[in-house]
Protein chains: 2
Amino acid sequence: MLVSLTGTGPLYQQIYRSLRNAILTGRLRSGDRLPVTRTLAAGLDVSRNVVLIAYEQLIAEGYAVGRAGSGTFVAAAIPDSMLNVSSIRGVPAFQHHTATARLSAYARRILSEAEADLPTPPAVRIRYDFTYYRASTADFPADLWRRLLARRLRTLDLEYSPARGDATLRTEISAYLRRARAVESTPDQILLVNGSQQALDLISRVLIDPGDSVVIEAAHYSGAREAFRAAGARLLAVPLDRHGLVTSRLPRGPRIRLAYVTPSHQLPTGAILPLDRRLELLAWAGRTGAYVLEDDYDGEYRYEGRPLEAVQALDRDGRVIYTGTFSRILFPSLRMGYVVMPPSLAPVLTRAKWVADRHTSLVQQGALADFLREGHLERTVRRAQVRNAARRAALLRAIEKHFGDDVEVFGAGTGVHVLVHFRHIPAGHAEALVARAAAAGVRVYSSASYYLRPPDRCELVLGYGAMTEREIAAGIRALQSAIF
Amino acid sequence: MLVSLTGTGPLYQQIYRSLRNAILTGRLRSGDRLPVTRTLAAGLDVSRNVVLIAYEQLIAEGYAVGRAGSGTFVAAAIPDSMLNVSSIRGVPAFQHHTATARLSAYARRILSEAEADLPTPPAVRIRYDFTYYRASTADFPADLWRRLLARRLRTLDLEYSPARGDATLRTEISAYLRRARAVESTPDQILLVNGSQQALDLISRVLIDPGDSVVIEAAHYSGAREAFRAAGARLLAVPLDRHGLVTSRLPRGPRIRLAYVTPSHQLPTGAILPLDRRLELLAWAGRTGAYVLEDDYDGEYRYEGRPLEAVQALDRDGRVIYTGTFSRILFPSLRMGYVVMPPSLAPVLTRAKWVADRHTSLVQQGALADFLREGHLERTVRRAQVRNAARRAALLRAIEKHFGDDVEVFGAGTGVHVLVHFRHIPAGHAEALVARAAAAGVRVYSSASYYLRPPDRCELVLGYGAMTEREIAAGIRALQSAIF
């Protein structure tokens, strides 16, 4: 049978598709007459109107022509060379034969360098996840957030917004950063981005040509490395010590465009960069003509003393690009972060955002502005700080109890993770520890993914922001049994 | 007075900043003694505790040291070379002196080529806006949308999602495109993007190296041109006639990566590409090794006959990248669009999205999936189609009445805009018409921004999707008085 009812959709579409396939695969050729509508309708047990609609569409699209009084015929205008005459009856004609892709240099870089997507979840059930990249959803006032969002939905602006984002929200972010981090900015220096990954991407695009150099800390956030390498950067790693970046080792060179740093809480070692090194970093940037990209990913939490102000607050030359995110305080799927652009880069970064995706979706911007203006962000941070201090104490207690002198703990002063160095386990065994822990239902993270070159010590990164104290204690006990 | 209370924030912060400024500008030098806390507190009329907190922070940050029993002193560790000793008392020390930016080739391209941001609104009050890039917000079921969003907020997923987007939404989009546009895809071929601009940007990044060529229609959407030029593409314009792209004029060449086309409704001429040219385009792509980027920006509306199926539906080799957006059917600030990725590009485009911004915000994805699954999208389109048909009739009537044979109208068969050619007005006068119309409160759009080279005719683009019939009639009358 030439025409069959298969597939989905209205009957006329099924008939249309069946005939179109017959034409495109050469079973019906130019000039062939299509079945008489009445006969076809009877054969398929459908109304004649259904067949007429299908024929009408074939005619409208140029597959067929109607000749008054004599029926419908396959059009002559379909060039034979376009038709897959070699295809065999019964084989679906519209299979995709994968074209071979000739990709850009950018594409080849990201295929070889970047993570594919979300990491695959482990096969065994994880009871204790020492994740470090997110806060506890229990600390986030979800009901309040929904209420603020719902309120703003009533007056949602449906029009395009400026590339930088909603002016009210930018004003609130500028004021918040001044209060909380001493970051000086005007609202026009604020650029709303879809999380800090977009900040890294846009900054890389406007500053880095393939072959240019970017200075990074010897251990660093892998998403940043990904963005710089995608842009074709050579990475120059600077050593870290217990105070963070060893600024006396900052390199010289003609094509250094950027230094990416985490001075508030070095990721992953947790070091807090002291004042003299902050000033030295700025002086180096001025001499080198490089920008400093300060990623203040969790500057909000500090357990000993007051938080240090941001490096941006010390910058007199507009050399610091400051970036932060709301994902860690609120929730990851929010996808909202910001860049404080130095005046020299504000026009080009704004334009890069416009070319990349016009502007960040407005739906949440009003709610976030309210969240900031009404003081909810600071309340959320304070509440989380109290909870995180208790979690941190539980973690340090459990580590002391179960591991004692076998380990050394770094970076407990701020943030929501620590770095644990296993003194008596050789470097290179961290992955094995991770696997053994996972088999026992404990998810921990090797520090290796943070390094450009394999680290020379066995280290695990343990986040504690997403667990209860009881889970932390039980998790460390389970980790100890799994490892030793 | 060395210390003054100025600026915003808590009192202790004002004191802290004032002293820090004094240190960094050299008014206080290493070893200098800070004022006695009791004296300073009395002088400023604040409690002594406030001063103590400020001093504590200066010590914590390394600006000062406390010596038991003898007071607080400026630290020795601040290298003199870091300090701006030449700054004059009274001049704010933390002014940003704009650094000179050394920008990437990409940055230089977007600064010279791309639109800065939203176009500036005209100075006079516009009563009739013949905008072409958005639908009427009156046609959009805003209350329903808010209800769907609010319902999904209750179960909002706070975690990261895969780069491609929510699986439920991708399944719904794949099914919708099959029903509505005969586009064949699996949900894994769907990539959620932040509006079609991000689709253009990601596709450009993975396919185009600087110096590569991109084929475009002689007149085309300027946002696409922007994205291709940002990627460093040479643009090869192919002529248009009343049937759209003249496929016999498609160029040959070694570095042609992509042809960007709008076959459903050529933007701006409104031509519908006939079947034989669609097939010829695909054959050309196969021979050339280029991809076809089919932008189906308003394929939903057709007033005469049935909509043609997408070119993607004819593609047997996986050469077509299909993209569409929900901004025109729903609303612009939504920032949600999709790409149907051919299998050969799915891995690299997914990775490019991950590197660019991880994934599109989840907040609206569930609501949009519901909107599709419950049939609201098709209902919205059907309702808008009825309304747009009435608007279109009003527009054509008004043009006929007020301009008659002075103009020729193109592209009225589909979509929500027409191209009006003024027969007796010389090419190059379109901008003057736009200005005269604006002065009379009527916003119309010159076709010039769509062309690579200035067009050889005087043409205006008139959108009618966002106005009432009465406004359309009055607007065309006002346009006639303004022009003639």
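Biologist: How many aromatic pairs does the count give over all chains?

Modeller: In this predicted model, the count comes to 20 aromatic pairs over all chains.

Biologist: What makes A:Phe403 and A:Phe422 an aromatic pair, and why is the pair called edge-to-face?

Modeller: The ring centres of A:Phe403 and A:Phe422 lie 5.6 Å apart, and rings pair if their centres lie within 6.5 Å, so the two phenylalanines qualify as a pair. The angle between their planes is 90°, and planes over 60 degrees apart count as edge-to-face, which is therefore the name given to this pair.

Biologist: Which elements does that pair link?

Modeller: The pair links distant parts of the chain, with A:Phe403 in helix 12 (residues 376–403) of chain A and A:Phe422 in strand 14 (residues 417–422) of chain A, 19 residues apart.

Biologist: How do you know whether A:Phe403 is buried or exposed, and what of A:Phe422?

Modeller: Buried means under 20% relative accessible area; A:Phe403 has 5% and A:Phe422 has 2%, so both residues count as buried. Elsewhere in chain A, one aromatic cluster is formed by A:Phe140, A:Trp145, A:Phe331 and A:Phe371.

Biologist: Why are helix 12 and helix 14 of chain B called roughly parallel?

Modeller: The axes of helix 12 (residues 376–403) of chain B and helix 14 (residues 469–483) of chain B cross at roughly 25° and come within 9 Å. Because angles under 35 degrees count as roughly parallel, helix 12 and helix 14 of chain B are described in that way. Their crossing is right-handed.

Biologist: Which residues make the contact between these two helices of chain B?

Modeller: Helix 12 of chain B contributes residues including B:Arg387, B:Ala390, B:Arg391, B:Ala394 and B:Leu395, while those from helix 14 of chain B include B:Glu469, B:Ile472, B:Ala473 and B:Ile476. By class, the contact has 10 nonpolar, 2 polar and 4 charged residues.

Biologist: What makes helix 8 of chain A mostly covered?

Modeller: Helix 8 (residues 222–230) of chain A has 9 residues, and 8 of them are buried, so the helix is described as mostly covered. Among the buried residues are A:Arg225, A:Glu226 and A:Phe228. Following helix 8 of chain A comes A:Gly232, with a positive phi near 90°.

Biologist: How do you know whether B:Arg358 is buried or exposed?

Modeller: B:Arg358 has 5% relative accessibility, and the cut-off for buried is under 20%, so B:Arg358 counts as buried. B:Arg358 also has a positive phi, near 70°, in a residue other than glycine, and its place is the loop between helix 10 (346–357) and helix 11 (365–373) of chain B.

Biologist: Which residues does a cis peptide bond join in chain A, and which in chain B?

Modeller: In chain A a cis peptide bond joins A:Leu267 and A:Pro268, with omega about 10°, and in chain B a cis peptide bond joins B:Leu267 and B:Pro268, with omega about 10°. A:Pro268 is in the loop between strand 9 (256–261) and helix 9 (275–288) of chain A, and B:Pro268 is in the loop between strand 9 (256–261) and helix 9 (275–288) of chain B.

Methods:
Residues are numbered from 1 along each chain as its sequence is written. Chains are lettered from A and ligands numbered from 1 in the order in which they are written. This is a predicted model: local features need pLDDT of at least 70, side-chain atom pairs count only at pLDDT 80 or more; totals for chains, interfaces and linings use all residues. Side-chain values use heavy atoms; hydrogens and water are left out. Axes are lines fitted to C-alpha atoms, for helices over the stretch in contact, and angles run from 0 to 180 degrees between N-to-C directions. Helices (H or I, at least four residues) and strands (E, at least two) are DSSP runs, numbered from the N terminus. Angles under 35 degrees count as roughly parallel, over 145 as roughly antiparallel, 65 to 115 as roughly perpendicular and the rest as oblique. A crossing is left-handed if the near helix is turned anticlockwise from the far one by less than a right angle, and right-handed if clockwise. Contact means heavy atoms within 4.5 Å. Ala, Val, Leu, Ile, Met, Phe, Trp, Tyr, Cys and Pro count as nonpolar, Asp, Glu, Lys and Arg as charged, and the others, Gly among them, as polar. Rings of Phe, Tyr and Trp (its six-membered ring) pair if their centres lie within 6.5 Å; planes under 30 degrees apart count as stacked, over 60 as edge-to-face and the rest as tilted. Buried means under 20% relative accessible area, exposed over 50%, partly exposed in between (1.4 Å probe, protein chains only).
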